[in-house]
Amino acid sequence: MPWREIQRTNFRKLSCLAAFLELDPKALSQNPRFSLNLPKRLAKKMAKQTLQDPLVRQFVPLPEEEKVIPGYSLDPVQDASFCKASKLLQKYEGRALLLTNSACAMHCRYCFRQNFDYAPNLEYTEEIALIQKDPSLQEVILSGGDPLSLSDRILKQLLDSLSAIPHIKLIRFHTRFPIGIPERIDSSFLHLLENCPKQIVFVIHANHPNEFDSDVFAALKSVQKLGIPVLLQSILLKDINDDFLTLKHLFENSAYNGIIPYYLHQLDRVSGAAHFDVPIERGKMLIEKLRKSLPGYAVPHYVQEVPGEKSKTLIAL
Ligand code: SF4
């Protein structure tokens, strides 16, 4: 089935998902601010009749989200203050982030950008002009939302426009799509990547080994075969991956499939996500243990985003 059609079958109604997972609908958040959006393939991986499953906790709105906790805010990384245009963010030297669109394959309950005021259109003229005018930029990160939510036609226009800018050397995709709908990596998309004259880098996002399977790895392998490095970023999440064995399996599986663990992020304190927070000391202890058990290239940098800093803040190498 084409990926757009698969996407249309996503769970978007809490009552339908509760019935599928054999849960009491009253056990879920009744009116979540960030809507439910869950691909069927992820729902099928969830254990039924429990809220403790690591994928349930990541994607199903739970009542904990409704708690108001001091220190948690709508825009914890202060994206709004780094906007150069409605869809262009620049935080770090040499790189700019294009917020291509608001849509995602799935809605992750801890997403720090869930409240971002996305522009309603898919016009990038102003953003491309700003990138063109700034020769200090060498890299553009296509983010969102998820850039793979865009049609291949729009993506091609974007890649063509960026490729025409001589000082842009690298185009990076930040995407979680292959985890939810690996069918997105189809022949038409691969053709598009293959014909892009600039170096492309893929950074995927996964937090638990259950998110991976042979379809996900096969889709990413077809990207790797084009000479495109695929990196992994993860978030340290309470009761999901804050234990040694889960992280070990996540990074090991990733590395065995040629996907290099890049960052393990400390949670960005977005409203409604306090129940995912893991103390930094625990994160450090876990990284220390992983370093003793895995090769160096399979242990990601443990980092935190501190608004205004010139790069991600390294908590542990
Ligand atoms: S896929 Fe990424 S951008 Fe979309 S909700 Fe999840 S974390 Fe946020």
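The predicted model holds 20 salt bridges, a salt bridge being a side-chain nitrogen of Lys or Arg within 4 Å of a carboxyl oxygen of Asp or Glu. Side chains of opposite charge can pair when their charged atoms come close. Residues are numbered from 1 along each chain as its sequence is written, and side-chain values use heavy atoms, without hydrogens or water. Because the model is predicted, local features need pLDDT of at least 70 and side-chain atom pairs count only at pLDDT 80 or more, while totals for chains, interfaces and linings use all residues.

Glu-64 pairs with Arg-57, their closest N and O atoms lying 3.1 Å apart. Arg-57 is buried, at 7% relative accessibility. Glu-64 is partly exposed, at 25%. Here buried means under 20% relative accessible area, exposed over 50%, and partly exposed in between (1.4 Å probe, protein chains only).

Lys-84 forms a salt bridge with Asp-134, with 3.7 Å between the closest N and O atoms. Lys-84 lies in strand 1 (residues 83–85) and Asp-134 in the loop between helix 5 (125–133) and strand 4 (139–143), so the pair ties together parts 50 residues apart in sequence. Helices (H or I, at least four residues) and strands (E, at least two) are DSSP runs, numbered from the N terminus. Asp-134 is buried, at 16%, whereas Lys-84 is partly exposed, at 45%.

Glu-288 and Arg-291 also form a salt bridge, at 3.0 Å between the closest N and O atoms. Both lie in helix 11 (residues 280–293), 3 residues apart, about one turn of the helix.

A network of salt bridges links Asp-79, Lys-91, Arg-113, Glu-305 and Lys-312.
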